[in-house]
Amino acid sequence: MKRLMCVLATFAVIMLASGRLSAWQPPAAQDGFVPVEQLGNEERLPAAPLVAGAYGVAWGAILFYVWTIRRRLARIERELADVARRVPPGGR
Amino acid sequence: MTRLFTVVLIVCIGMFGYAPFLIVNAPYESTMGLVQKIFYFHVAAALTMFLSAFVAGIASAVFLLGRRPSMDRVAVAAAEITVVLGFIVLVSGPLWARKAWGVWWQWDARLTSTLVMWLVFQSYLLLRTYGGPGSDRLSSAVGIFGAALVPFVYWSVNMWRTVHPTTNVVPTLDPSMRGPFLFCVLAFFCLYALLLMTRTALETRRAELDALYLSLED
């Protein structure tokens, strides 16, 4: 039930995001061309947080995935040991 | 833990430990500047995702034709890793795009086809979890279709008009950037081998557990 709720929540987020993105329109182009060097600092997007974010997400996703594998493996090993005790000798 | 696994693990740790130095020392791209550094992980993850999708598709096909359960276990592992790598690609790409294109997302051929491929592998995993008896064969068919999407995703930038750079970028890369890039690709391939071995081992242990439960019922 918990998993089903997670799936439904993910589906809802994707649907909402795609609706919002498709409805988004780029701002109207301005008449004059302004070289990027002449833009104020407040209009320049810093690259460092984006680069750090990209590498952070990559490493976060990998480490989280490794952790989930380790957790699942530990659970199965526990269950295997438990069931192996219940199987009579020669039953395997 | 096998000797091969240990060797690949050591190589992988060494490569990922050295990769940041190569990325930092690689020259800045003239128009994009610092944000282009995302390229080294974004493209490496994308290429590994393609490799993983192929592994999932081929293993699924072998399972469907030859009924070899070991291939099904490899397919499940590869499909799950494809989803993880796809997540990295689909998040790091928009972070780069925000600076380079001024928008987080564009519904162009490359981005949309990558998202569709990622959703196909998500559906593989959902089918596997909730499909019930016989879902292994059904999901194998989905895995084959997922792998069949890879060429479309790869060549989409050449076939349709798109804001995403074409496949010409990597072959024409400056040698000072090509070295770090190929190093990162190799590091991701090593990581992929490790993840695939570990995840397949998990599926094997799960199959052993199922067999034990069956013997308990008899």
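In α1(B), a kink of about 30 degrees lies at Tyr18(B), shortly before the proline Pro20(B), the bend at a residue being the angle between axes fitted to the seven residues ending there and the seven starting there. This is a predicted model, in which local features need pLDDT of at least 70 and side-chain atom pairs count only at pLDDT 80 or more, while totals for chains, interfaces and linings use all residues. Residues are numbered from 1 along each chain as its sequence is written, and chains are lettered from A and ligands numbered from 1 in the order in which they are written. Helices (H or I, at least four residues) and strands (E, at least two) are DSSP runs, numbered from the N terminus.

- Chain A has two helices and zero strands, and of its 92 residues 7% count as buried, where buried stands for 20 or more other C-beta atoms within 10 Å of a residue's own, exposed for 12 or fewer, and partly exposed for values in between, with C-beta atoms placed from the backbone.
- The contact takes 30 residues from chain A and 33 residues from chain B, two residues being in contact if their C-beta atoms, placed from the backbone, lie within 7 Å.
- On the side of chain A that touches chain B, α1 (2-23) and α2 (48-86) of chain A each supply at least two residues, and α2(A) gives the most, with 20 residues.
- That side of chain A divides into 21 nonpolar, three polar and six charged residues, with Ala, Val, Leu, Ile, Met, Phe, Trp, Tyr, Cys and Pro counted as nonpolar, Asp, Glu, Lys and Arg as charged, and the others, Gly among them, as polar.
- The helices α2(A) and α2(B) pack at an angle of about 40 degrees with their axes 9 Å apart, the axes being lines fitted to C-alpha atoms over the stretch in contact and the angles running from 0 to 180 degrees between N-to-C directions.
- In this packing, Ala54(A), Tyr55(A) and Ala58(A) of α2(A) meet Phe41(B), His42(B) and Ala45(B) of α2(B), which by class amounts to five nonpolar, one polar and no charged residues.

**The largest nonpolar core**

- Of the 60 residues in the largest nonpolar core, Ala45(B) and Ala78(B) touch the most other members, a nonpolar core being a set of buried Ala, Val, Leu, Ile, Met, Phe, Trp, Tyr and Cys residues joined through C-beta atoms within 7 Å.
- α2(B) gives the most to this core, with 16 residues.
- Leaving aside neighbours within four places in sequence, Ala78(B) is in contact with Ser52(B), Val55(B), Ala56(B), Ala59(B) and Leu196(B).

**Helix α4 of chain B**

- At 1.5 Å a residue, the 22 residues of α4(B) should span 32 Å, and its end C-alpha atoms are 31 Å apart, which agrees; the expected span is 1.5 Å times one less than the number of residues.
- The buried residues of α4(B), among them Met117(B), Trp118(B) and Phe121(B), pack against α2, α3 and α5 of chain B.
- Gly132(B), which follows α4(B), has a positive phi near 75 degrees.

**Around the end of α2(B)**

- Val62(B), found in helix α2 (residues 39-66) of chain B, counts as partly exposed because it has 17 C-beta neighbours inside 10 Å.
- Arg67(B) has its place in the loop between α2 and α3 of chain B and has a positive phi of about 55 degrees although it is not a glycine.
- Arg67(B) is exposed, with 10 other C-beta atoms within 10 Å.
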